[in-house]
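Here is a colleague's note for someone opening this structure for the first time. Please keep the view at hand while going through the points.

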Amino acid sequence: MKVSALRRFAGLRAGAVALTAMLGVALAGGTAAADDSAKPASITSITKDGRTWHLQVYSAAMGQNIQVDVQRPVDESQPAPNLWMLNGLDGGLGTASWNAQTDALSFLSDKQVNVIQPIGGRGSYYTDWQRPDPVLGVNMWKTFFTEELPPLLDDALHSTGLNALAGLSTSGTSVLQLAEAKPGLWKTVAAYSGCAQIADPAGQEFVKLATNTWAGGNTDNMYGPSDSPLWAQNDPVINAEKLRGTTLYVSAGSGIPVMNDVNYYLNAAPGPAGGVNLALGMIIEGAVNQCTHNLQSKLDSLNIPATYRFDPVGTHYWPYWQQALHDSWPLLAQGMNVPA
């Protein structure tokens, strides 16, 4: 990430609160469960609303129930693969979600896939934290996603056992980390506008801006202080070799706004806040673009193929991620062995 972009991050920290409305910071979710360390992970309830199933899944690692929403496939009588779609900073708890901001569910409604949307994990980067956080609570999402949840979904949904994974913004980092943590679990991984490098000073600044400044947590409880080896152990660029064999789609904009971007930011917040949001949206996407090019360079050096989309324009918001989902669908479908 360029030093100039990092400096602009720091200079605009005072206006970061205004962007939280767009990124959807909401209170952390999950229903507390009884303190029973021997209780295994399980689906505790399923509420069906047409083709949408609302699952309550007890995570033994986190000691609480996690909501997982599932849009069932077009033909529920036949087995289907699972397309996991992770939300951004607010974890789907507010209005900054695939469901609220895009056509994702309608686009996928005629597809033979289970659309899996976990709800919760605001500001957590969907990773395993070293210790509970006073604001963000217990976060053991890597364990939940890679060990606890997959077999439960396969059993409850009678799925084919094939999975694909997509994420945006902060979860655009998370999907790469998860793919490296459990190679082969997700056949295709799509990362939209996610900063793949987190261990260098600029990458750490990006994570701290999201988790500390916007979500109110403390990354010392996540990976420890800046010199902790856990940062490097969870850096997708450093560990890129673990992505070998995974079909990859990676996209980012340039940070250059078009008129629709300008109108969105200026209309979404009154007065100077709209201008601050616009500047942040430009800076974030420009920095993400640099991170993504660094990931490309590392993958190229390892002869690991990936599909890249670098748009010549575009800031950090939902219409671009909706389009990226559409563009990456053929690769996601390929990984799940369903028609594109």
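1. The cut-off matters here: buried means under 20%, and exposed means over 50%. Keep in mind that this is a predicted model.

2. Which ring partners phenylalanine 310? The structure holds 18 aromatic pairs. In one of them, the ring centres of tyrosine 308 and phenylalanine 310 are 6.1 Å apart, and the planes meet at 10°, so the pair is stacked. Planes under 30 degrees apart count as stacked, and those over 60 as edge-to-face.

3. Now turn to a pair of tryptophans. The ring centres of tryptophan 318 and tryptophan 321 lie 5.2 Å apart, with the planes at 80°, so this pair is edge-to-face. Both residues belong to helix 11, which covers residues 318-336. They sit three residues apart, about one turn of the helix. Buried or exposed? Tryptophan 318 has 4% relative accessibility and so counts as buried. Tryptophan 321, at 2%, also counts as buried.

4. One aromatic cluster is formed by Trp84, Tyr126, Trp141, Phe144, Phe145 and Trp186.

5. Step back to the whole chain. The protein chain has eleven helices and ten strands. Of its 340 residues, 54% count as buried. Take the contacts with a separation of 6 or more: 73% of them come from residues 24 or more positions apart.

6. Asn163, Leu165 and Gly167 point one way from strand 7. Ala164, Ala166 and Leu168 point the other way, and all of these residues are buried.

7. What pairs with strand 7? Strand 5 (residues 82-86) runs parallel to strand 7, and five bridges join them. Here methionine 85 has alanine 166 of strand 7 as its bridge partner. Strand 8 (residues 188-192) also pairs with strand 7 in the parallel sense, again over five bridges. In that pairing, leucine 168 stands opposite tyrosine 192 of strand 8. From strand 7 the chain passes through helix 6 (residues 170-181) to strand 8, and this β-α-β crossover is right-handed.

8. Strand 3 has antiparallel partners. It spans residues 52-59, and six of its eight residues are buried, so strand 3 is largely enclosed by the rest of the structure. Strand 2 (residues 42-49) pairs with strand 3 in the antiparallel sense over seven bridges. Threonine 47 finds its bridge partner in strand 3: histidine 54. Strand 4 (residues 64-71) also pairs with strand 3 in the antiparallel sense, over eight bridges. There tyrosine 58 stands opposite asparagine 65 of strand 4.

9. Check the turns of these hairpins. Two residues separate strand 2 from strand 3, and glycine 50 in the turn has a positive phi of about 65°. Four residues lie between strand 3 and strand 4 in their hairpin, where glycine 63 takes a positive phi near 65°.

10. Helix 9 shows two faces. Within this helix (residues 259-268), Asp261, Val262 and Tyr265 are buried. Seen down the axis of helix 9, the buried residues fall within an arc of 100°, so they line one face. The face turned away from that buried side carries the exposed residues Met259, Asn260, Asn267 and Ala268.

11. Finish with proline 257. It lies in the loop between strand 9 (247-252) and helix 9. Its relative accessible area is 26%, so proline 257 is partly exposed. Which residues does proline 257 touch? Leaving out residues up to four places away in sequence, they are Val262, Leu278, Met282 and Thr315. Proline 257 and proline 312 are 55 residues apart in sequence, yet their C-alpha atoms are 9.7 Å apart in space.

Technical notes. Residues are numbered from 1 along each chain as its sequence is written. This is a predicted model: local features need pLDDT of at least 70, side-chain atom pairs count only at pLDDT 80 or more; totals for chains, interfaces and linings use all residues. Side-chain values use heavy atoms; hydrogens and water are left out. Buried means under 20% relative accessible area, exposed over 50%, partly exposed in between (1.4 Å probe, protein chains only). The arc is that of the directions from the helix axis to the C-beta atoms. Two strands pair if DSSP finds at least two bridges between them. A crossover is right-handed if, with the strands pointing away from the viewer, the path from the first strand over the helix to the second runs clockwise. Rings of Phe, Tyr and Trp (its six-membered ring) pair if their centres lie within 6.5 Å; planes under 30 degrees apart count as stacked, over 60 as edge-to-face and the rest as tilted. Contact means heavy atoms within 4.5 Å.
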